[in-house]
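Have the structure open beside you as you read.

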Amino acid sequence: MAFVELTGIVKNFGGVRALKGVDLSVELGRTHALLGENGAGKSTLIRILTGAHRPDAGDIRIDGTPRTFRRPQDAQALGIAAVYQEPMVYPHLSVLENIFAGREIANSFGVVQHAAMRRKVAPWLDRLNMPAALLERPMSSLTLGWQQLVMIAQALVQNARVIIFDEPTSILSQAETDRLFAIIGRLRADGRGVVYITHRLDEVPRIADRVTVLTDGRVRGSYPIGKASHEHLLSLMAGRAGQEPVPDTHGLPRPHRAPLAAAGKPAFSPPVLEVRGLTLEGRFRDVSWSIPAGCVTGIYGLVGSGRSEVALSVFGFLRGARGVMLLEGKPIAPRAPAEAIRLGIGYLPEDRKLQGIFASKPLESNLTANALGRFTRPLGRLDFSALAAAARQAMAAYNIKARGEASPIAALSGGNQQKGLFARWAARALKVLILDEPTRGIDVQTKDEIHRFVRGLAVQGLAVIVISSDLPEVLAVSDRVIVMRQGRVAGEWSAEAMTAEAILGAAIGARSEAA
Amino acid sequence: MPSDASAHPLAQPGGRVRRIFRHLPLPGEREGGLLATLVVLSVLIAFGSHGALFTPVNMDNLLVSAAITAIPAIGMTVVILTGGIDVSTGSMLGLVAAIGGLAFEAHWGLAAVVPVFCLTGAGLGLINAALIIPGRVPPVIATLGTLSIFRMLVFLVTGSNWITEIPPSLTTIFIVTRIGPLPMASVIALLMLALAAFLLARFRVGRHVYAIGNNEEAARLAGIRVRRIKLYAYVLLGLLTGIAALMTLGQSPMVQTSTGEGFELKVIAAVVLGGTELSGGRGTILGTLLGTLIVELVGDGVVLLHIQPFWSGVLLGAIILFSVGAAWRPARSD
């Protein structure tokens, strides 16, 4: 019987259903891979299993007994430990102190017994091929790969029966990955259960006994290794986008692109924005994008693929990229966003709350913040009635629902805030508009509206870039798609050629190569 | 992706001696630098003042003053190690001295007044803790608030009058009584410093203080009682400030409305100069002791060298900028 049995797990965050009734079982002596793209619900599921979140519905059984985890220690006490993607470490403490933090061995006076702790961890060090001298080193002097091994040692010292790895190889080099896989094999042989979370399909057959595909908060399939082909797993991962036809999910049929042709625009006019061989050490490498006017270019890639970083370099926010940037054929090198905006490049940031809205200001100020020049009268006076009129006009044009232009933007729903930011950029005469995750955390209806606005701007002749990790969105809104993977361009498709499987495959580095 | 990711973790040399003595509070590189600064400053001031630095009267002043700063600096070190800060210490010292002074005026015996100082200090520390921990007010804001509130209360408690009925026995106990070459105040401070160093380095609760300052979220997930330990830290600082207030009255037997003004800066300067990182998780008691001695030496040296007093602030500021700036640069390039 399985050691861990999760059934019908449901978790909501606000109005968003992150998990919609998920089942998962973990057997001792087996490795269970959990496969899914970003936002599929993998991390939420793991936080429930480790006691960091409480499920809204569903059962957790450990060794056959129903359990409720009130805090992480409850799960730890039952033998469940996690090695997080970014190791949770104390940088200025020694490796030994990191392993025993919160579980120090002390005598009855409370004096910490280093010798006893060293003795306790010694057998596990051998198992992990860690030199004992490492214990006295400060944690911050170790590479991320070694820090991860320290976290595994911590789980072993706690006598964990089940160890969860959350995308452990995303921070590792090839050699470190091989070493980690050997260790996972040994843990499994010791009779421990392993849950291995990943979006890298190619890793699964190397280490797992069983694979479960999670997309959009649901289990799409669960198979013993060898019973499901690579292609089948890929199509399951693409699930939402691949199987359910796009027009039904978003009310945005592909023919949405018709207006472009009707407007008599050449399909791909000479590029307005072009980057050639752009490299920023540690972020992206040798990236070339060619962005034509009058159409929407979708940029798809997983978090960390470098997609936003390229855009931020073009926008002058990230500095130090080497390579060529051309705007209408002329080389540019913006050193600050203000300079990029003067050149005609706009950027709608990824994080609405932190980087977008002026939360304490009324809607009116938020809508017109980018275009104050137009409302400035002699001596720098602002024409407030004209500002208010412009704000009302934008509210009507972009269907922003608010009590009035003077109500604070923080009181609006996320969707209406986003439409407001969109209106802010649309008010400027731009050549290129970059939208980074324009509909994250926004309801389906507003998403639809924003997609229509995006298309509208392209039809007017703007070069629009939509960066997104939402595959259906990319398919629905783009005329062409560039896929980024690990800091490089992994493929490029025109509207006719793009399919969910091909794009996802290129983004996660699956075997089926780009067309 | 780091290119040296697969490098052996012991590739860079680690000193054997350092490894053996790691858990003893012996000087690290930071402390070595502070010790050198201390020696150089002493020599400069000694020459500049034609030996006035080492006259018995001046040494006693210096050592008592250092004791009064060092004792709250222990508590400040713990508070900053957990990632917090307390800027109300100066007003707190004034308020404890005022309340304790009233007890002296009412002719309470010394045995009754000492607990008044300790408990008042601990109680004021508890107020700060209550604002910061359950109240969730950021530490700087909360203690900036209590800095002015406590100062206002000094005016209320004393009715803006001086309290001068301080028994001379305080001076006798803390300054006149000596053990070897050291006045009693310094002996008490040294004992407290040694105890604190041992508690922080070797006891479970000390290691938890460091863990919280390193990564509060991880500490909570590891089952460390984060809120309770932070509470201890602020109350400890209050208690130690109460003891410092008592010693202050031994040093100069009267309470004014301005007693303790600017004291918090001296204490924080001593801790930060001693190498404790304001972001928490890193620092030692030995560093705090050396930092205190440097701060006091600068203050004393300015007097001895007949420099106008405001220069002591400039000098101290320059030393802090230099030493903290030097300490931060390598941390960024890791």
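## The six-stranded sheet of chain A

In this predicted model, chain A holds an open sheet of 6 strands, in the order E6-E7-E8-E3-E9-E10 and with mixed pairing. Its edge strands are E6 (80–83) and E10 (218–224) of chain A, each of which pairs on one side only. From one strand to the next, the twist averages 20 degrees.

Let's look at strand E7 (residues 162–166) of chain A, which pairs in the parallel sense with strand E8 (residues 193–198) of chain A over 5 bridges. Along this pairing, A:Val162 stands opposite A:Gly193, and A:Asp166 stands opposite A:Ile197. E7(A) also runs parallel to E6(A), and 4 bridges join the two; here A:Ile80 stands opposite A:Val162.

## Covering the sheet

How many residues of E7(A) are buried? The count is 5 of its 5 residues, so to speak a mostly covered strand. Both faces are covered: A:Val162, A:Ile164 and A:Asp166 are buried on one side, and A:Ile163 and A:Phe165 are buried on the other.

Helix H6 (residues 174–189) of chain A lies across E3, E7 and E8 of chain A, and runs at about 145 degrees to E8(A).

## A closer look at A:Thr31

A:Thr31 sits in strand E3 (residues 31–35) of chain A. Is A:Thr31 buried or exposed? It has 26 C-beta neighbours inside 10 Å, and therefore counts as buried. Leaving aside residues up to four places away in sequence, A:Thr31 touches A:Ile184, A:Arg188, A:Val194, A:Tyr196, A:Ile207, A:Ala208 and A:Asp209.

For a sense of scale, take A:Thr31 and A:Arg403: they are 372 residues apart in sequence, and their C-alpha atoms are 55 Å apart in space.

## The four-stranded sheet and chain A overall

Chain A also has an open sheet of 4 strands, ordered E12-E11-E14-E15, with antiparallel pairing. At its edges are E12 (284–292) and E15 (330–331) of chain A, each pairing on one side only. Strand E11 (residues 271–280) of chain A and strand E14 (residues 322–327) of chain A are joined in the antiparallel sense over 5 bridges, and A:Glu274 stands opposite A:Leu326 in E14(A). Helix H11 (residues 307–314) of chain A lies across E11, E12 and E14 of chain A, at about 115 degrees to E11(A).

Stepping back, chain A has 19 helices and 22 strands. Of its 515 residues, 47% count as buried. Among contacts in chain A between residues at least 6 apart in sequence, 68% join residues at least 24 apart.

## Two packed helices in chain B

Two packed helices are described by the angle between their axes and the distance between the axes. In chain B, helix H4 (residues 89–105) and helix H6 (residues 139–158) pack at an angle of about 20 degrees, with axes 8 Å apart. H4(B) and H6(B) are therefore roughly parallel to each other, and their crossing is left-handed.

From H4(B), B:Ser91, B:Met92, B:Gly94, B:Leu95, B:Ala98, B:Ile99 and B:Leu102 meet B:Leu147, B:Phe150, B:Arg151, B:Leu153, B:Val154, B:Val157 and B:Thr158 of H6(B). By class, the residues of this contact are 10 nonpolar, 3 polar and 1 charged.

## Where chain B touches chain A

Between the chains, 28 residues of chain B are in contact with 31 residues of chain A. H9 and H10 of chain B each supply at least two residues of the chain B side, and H9(B) gives the largest share, 6 residues. The chain B side has 14 nonpolar, 7 polar and 7 charged residues.

Why is helix H9 (residues 204–214) of chain B described as largely enclosed by the rest of the structure? Because 10 of its 11 residues are buried; among them are B:Arg204, B:His208 and B:Tyr210. The buried residues of H9(B) pack against helix H3 (95–100) of chain A, together with H3 (56–81), H8 (184–202), H10 (216–221) and H11 (226–251) of chain B.

Definitions and conventions
Residues are numbered from 1 along each chain as its sequence is written. Chains are lettered from A and ligands numbered from 1 in the order in which they are written. This is a predicted model: local features need pLDDT of at least 70, side-chain atom pairs count only at pLDDT 80 or more; totals for chains, interfaces and linings use all residues. Axes are lines fitted to C-alpha atoms, for helices over the stretch in contact, and angles run from 0 to 180 degrees between N-to-C directions. Angles under 35 degrees count as roughly parallel, over 145 as roughly antiparallel, 65 to 115 as roughly perpendicular and the rest as oblique. A crossing is left-handed if the near helix is turned anticlockwise from the far one by less than a right angle, and right-handed if clockwise. Two residues are in contact if their C-beta atoms, placed from the backbone, lie within 7 Å. Ala, Val, Leu, Ile, Met, Phe, Trp, Tyr, Cys and Pro count as nonpolar, Asp, Glu, Lys and Arg as charged, and the others, Gly among them, as polar. A residue is buried if 20 or more other C-beta atoms lie within 10 Å of its own, exposed if 12 or fewer, and partly exposed in between; C-beta atoms are placed from the backbone. Two strands pair if DSSP finds at least two bridges between them.
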